[in-house]
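Trainee: Please take one part of this model and go through it closely. I would like a single connected account.

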Amino acid sequence: MTRAATGGSALAAGAGLPPSGVTVGGAEVGLSAETPAPPRPAGPWYRQMAGLPWILPALVVSVGVLYYCIGYTGFISTLKWDGASPQADRVGAGNYVRMVNDPIFWRALQHTAVFFLVTFAVQVLLGMTFAVILHSQVRLRVLYKVLVFVPVVIAPATTAPVFRQVYAPDGQLNAVLGFLGLPDTNAWLANGTTAMLVVMTVQIWQSTGINFVLYYAAMSQIDTEILEAARLDGASNLRVVGSIIWPGVRGTTLAIAILTAIGSLKTFDIPFLITTGGPSYSTEFLGTQIYRVSVALSQVGYGAALSIVLLVLALLMAVALNLAGKERGASRA
Amino acid sequence: MLELRSRRSRLLVQLLVTLLVAPFVFPLVAMVQGSLAGAGWGNYRTVLSLDLLPRFFLNSALIAAGVIVIVLACTLTAAFGFSKLPLRGREVFFWLLLACLTLPEVVLLAPLFATVTAAGAYNTLWAVIIPVAALQIPFAVLLARNFVDGIPTELVEAARVDGASTWRAFVHVVAPLTKPIVAAVVVLVFISSWNGYLFPLLFLQTPEQQTITLVPQFFVGRYNNDQTKVLAAAVVTALPVIIAYVCFQRFFERGLAAGALK
């Protein structure tokens, strides 16, 4: 197996497609564990590069555009520039020095970390619970599944006004709390801590469906004979979940951890549309900071420096994803 | 997974799952309820009578269609090239693509803006289509290459022995076998381009060019922050995707689970 093939199939497995093959729309996706050896380059050079014209469109559109943009961002990050005027001063590493001394940048990083920990823990708990229960004998399983998954397909931009309404002082959440006899005058979006909680709950609402489907698929792969044997030995439901199901879906949990980490770094739509990063930067993420600095403040150079840092963090996550996939591949062998 | 022998335990679990699902339904109920407040169905009449509304839908559909066509064309050929043809430096090229797998779109903000303006593409749909396609291709290629790797190379060789060109082997042998992965890629790309917000916000200036994700803002400006109409607009824009999902549940769940990486 080639290095990339290992990484590739592990990634697919991480995304819920076991390498042994999973059916998508009736046919096999993901594939046999043995990747067939690709045709070996031989003969004159133009024969050895016969595949190049075939991969060229993808390379031009994707690698061309993206690498050009990344290089351009790197260049801009050494400038003091408003993005429009022909006047751009070279400041070397000045923007990076400013970043290190910028408390909002550190707060954004901290928010990303906390956001990741909370959304990950809650989504794993919810995703596991839904998957376990909907694999059991309950009624209306399809309905529950659809209801949990619907938020995944709706645009955050579409639901943002709804959440602003729900969490408003005279909104539906306070109405429900009042109905239950609890304090009902909370200004959820005006307080830094609760505003962060709002952003987290919206993210959890939005992406639990995906994690549930990943767990649901992973649990279908667990050997039912082991479950039956455990039952015969008198294992309780809790014991089965803790000792058989949880270890059985460990790989999925690992994949979800990394996917959630990447998602946390990319967070933009939800805080931007619901809290605009406020109040007083308490829901600022790298994405919203880059937008605010580059567009609202027209400090494109500084925004580019922040972008480069975000880019490096995202790349590290891609490497982590790949290493985790390899570890899983090794433990499986 | 759980063994629920007694009626009581079955009822308890049913109750538990209902309680857990309730918060997921709550915002949707609040959305519909809010959209019917004030003028009631009149809010929908106002929203639907807006002559620009079909335009928003059309723009979103055109963007999604453009992205899907570009991504599929690039992805299937690339998967075939990577998997079935001799290629020196194969893995280097593959890694160049894979490195872009986790790229956050906000990182491209400044250079794209400068490039789009310089190319005169500002306020055209292309300014959104090309960057979105570029960001979708790496993952689509990863999925498709894994899939095409599973198609026996002998099939391609047999076609070549029978005198077919590489192109004909691709069109008549490999492409027809890739339907399942095409379905997954289409769902994935459709959802991320249809729901995309940042690029339309940045590059589409006039209402005639804007997409459905910008509709709430448009209504906030137009109706002086009349929440009921904004929520009615939210329902109208969310409905088509929800209906599409309910009709093609399996495709959506599998496609998006495969693409959870995004």
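Mentor: Helices here are DSSP runs of H or I with at least four residues, strands are runs of E with at least two, and both are numbered from the N terminus. The model is predicted. On that count, chain A has 15 helices and 4 strands. Of its 333 residues, 46% are buried. Take the contacts in chain A between residues at least 6 apart in sequence: 66% of them join residues at least 24 apart.

Now the close look, in chain B. Helix 11 of chain B spans residues 215-222, and helix 12 of chain B spans residues 227-247. Their axes come within 9 Å and cross at roughly 155°. Angles over 145 degrees count as roughly antiparallel, so helix 11 of chain B is roughly antiparallel to helix 12 of chain B. The crossing is right-handed. On the helix 11 side, the contact residues are B:V215, B:P216, B:F219 and B:V220. Helix 12 of chain B meets them with B:K229, B:V230, B:A233, B:A234 and B:T237. By class, this contact has 7 nonpolar residues, 1 polar and 1 charged.

Next, the nonpolar core. The largest one holds 170 residues. Within this core, B:V67, B:V71, B:A133 and B:A144 touch the most other members. Helix 6 of chain B, residues 126-149, gives the most to the core, with 17 residues. Look at B:A133 in particular. Leaving out residues up to four places away in sequence, B:A133 touches B:V67, B:I70 and B:V71, along with A:V61 from chain A.

Terms used:
Residues numbered from 1 in each chain as written. Chains lettered and ligands numbered in written order. Predicted model: local features only at pLDDT ≥ 70, side-chain atom pairs only at ≥ 80, totals over all residues. Axes fitted to C-alpha atoms, helices over the stretch in contact; angles between N-to-C directions. Parallel < 35°, antiparallel > 145°, perpendicular 65-115°, else oblique. Left-handed = near helix turned anticlockwise from the far one by under 90°. Contact = placed C-beta atoms within 7 Å. Nonpolar A, V, L, I, M, F, W, Y, C, P; charged D, E, K, R; others polar. Core = buried A, V, L, I, M, F, W, Y, C linked by C-beta atoms within 7 Å. Buried ≥ 20, exposed ≤ 12 C-beta atoms within 10 Å, placed from the backbone.
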